[in-house]
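Trainee: I am new to this one. Could you walk me through it with a few questions?

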Amino acid sequence: WVGQDILDTPLASRLDVPNLPLDALWVLYRNTCDHCAEHLELMSMQESGQRSLVLVRLAEKHDSEENKVVQVMPTGNFVRHATLPDTVDYILTTPAELLLENGIIVKAKEGVSPEEGF
């Protein structure tokens, strides 16, 4: 997806992309992912509004409060949330990050560890 406009990706058909920040770091995560929980918790300590964040949850049919491991994530007026529907099987190693500049994906990475995020 690097080099593409976010509006030209499959995400655009499932999210209200025009109402989300297009100069931002987008983080795709699953509620049941231990790595996502660790990554988002670290981000909550590091991110304080220097840039916009869009946290995109990949909903899955088996999601429940009982199996949810993501408990802590960045908060503040620089954070927006979006959820992809659970009607799609997402073949993506989470957490994943997309760095957008003016709507163009300039960097992308799957399976990001807390130390190597953008």
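Mentor: Here are some points to look at together. This is a predicted model, where local features need pLDDT of at least 70, side-chain atom pairs count only at pLDDT 80 or more, and totals for chains, interfaces and linings use all residues. Residues are numbered from 1 along each chain as its sequence is written, and side-chain values use heavy atoms, leaving out hydrogens and water.

Trainee: How many disulfides does the structure hold?

Mentor: A disulfide here is a pair of cysteine sulfur atoms within 2.5 Å. As for disulfides, the number in the structure is zero.

Trainee: Is N102 buried or exposed?

Mentor: N102 lies in the loop between strand 4 and strand 5, strands being DSSP runs of E with at least two residues, numbered from the N terminus. Its phi is positive, about 55°, although N102 is not a glycine. Most residues other than glycine have a negative phi. Because its relative accessibility is 63%, N102 counts as exposed.

Trainee: Which residue does a cis peptide bond join to T94?

Mentor: Look in the loop between strand 3 (79-84) and strand 4 (96-101). Most peptide bonds are trans. Here omega is about 0°, and the partner of T94 is P95.

Trainee: How far apart in space are V106 and V2, C-alpha to C-alpha?

Mentor: V106 is in strand 5 (residues 104-109). V106 and V2 are 104 residues apart in sequence, yet their C-alpha to C-alpha distance is 5.4 Å.

Notes
Helix = DSSP H or I, 4+ residues; strand = E, 2+ residues; numbered from the N terminus. Buried < 20%, exposed > 50% of the residue type's maximum accessible area, 1.4 Å probe, protein only.
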